[in-house]
Amino acid sequence: MATTADNMNTEDGVRRRDWIHIAAVSFAGVGGASVLYPLVSQMAPTADVLAASTTDVDVSALEPGQSIKGVFRDQPLFVKRMTPEEIAEMQEVDLGGLRDAESLEQRLGEGNADILVQLGVCTHLGCVPLGAGEGEDKGEFDGYFCPCHGSHYDAAGRIRKGPAPTNLAVPEFAFQNENVIRIG
Ligand code: FES
């Protein structure tokens with residue numbers, strides 16, 4: 001069995017991964033719970049690593065109306081290329097009537113014509129809204145619908161009806177080139 005000393009003697013990370021596996025196996029006779037916990041806890045990113053992580057998304061294959069469902073810092077991420085019709089409709093919405101007033105341009109960010117980036121986390125109690133996948137219920141405003149307690153978001157991810165207090169969150173992001181967006 002490898003020891004902690006083995007682990008500390010190496011810096012390339014390879015031995016560390018070996019050690020985690022070997023250690024887990026060596027504990028196997030002790031009991032299921034005591035095997036799993038050390039393995040999971042050592043492999044999970046620490047809070048500060050997670051907070052600093054970025055996610056690159058290639059949007060080159062996205063057709064208008066299509067979305068990518070991904071994960072960003074352990075949370076669902078929706079990246080959508082909006083259709084010209086959705087863009088025109090969302091630009092016409094009277095901001096004065098919105099619970100959380102944001103223009104489409106504010107949500108897309110400067111220089112971004114049609115790629116909507118947002119967390120797939122309902123701002124009520126954190127369920128994952130429907131609407132990013134093909135054939136999913138888009139709700140009464142043709143955007144996103146949270147089935148947990150009935151929050152309806154429009155095609156720009158703005159809350160329009162139901163208990164959610166705010167729009168779907170837009171994480172920080174920047175285009176690396178015309179095809180790749182770096183989130184975070
Ligand atoms: S968690 Fe979405 S409506 Fe309650």
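Asp74 is exposed, with a relative accessible area of 63%; exposed here means over 50% relative accessible area, buried means under 20%, and partly exposed lies in between (1.4 Å probe, protein chains only). Asp74 belongs to the loop between β2 and β3, where helices (H or I, at least four residues) and strands (E, at least two) are DSSP runs numbered from the N terminus. The phi angle of Asp74 is near 70°, a positive value in a residue other than glycine.

The structure is a predicted model, in which local features need pLDDT of at least 70 and side-chain atom pairs count only at pLDDT 80 or more, while totals for chains, interfaces and linings use all residues. Residues are numbered from 1 along each chain as its sequence is written, and side-chain values use heavy atoms, with hydrogens and water left out.

Arg73 is likewise found in the loop between β2 (67–72) and β3. Its phi is near 50°, again a positive value in a residue other than glycine. Arg73 counts as partly exposed because its relative accessibility is 29%.

**Salt bridges**

A search of the whole structure finds eight salt bridges, a salt bridge being a side-chain nitrogen of Lys or Arg within 4 Å of a carboxyl oxygen of Asp or Glu.

| Asp114 | Arg81 | 3.4 Å |

The side chains of Asp114 and Arg81 meet in a salt bridge. This pair links distant parts of the chain, 33 residues apart: Asp114 lies in the loop between α6 (104–108) and β4 (115–119), and Arg81 lies in strand β3 (residues 75–81). Both Asp114 and Arg81 are buried.

Lys161 counts as partly exposed because its relative accessibility is 37%.

Arg158 counts as buried, at 0% relative accessibility, and Asp154 is buried with a relative accessible area of 0%. Salt bridges that share partners join Asp154, Arg158 and Arg160 into one network.
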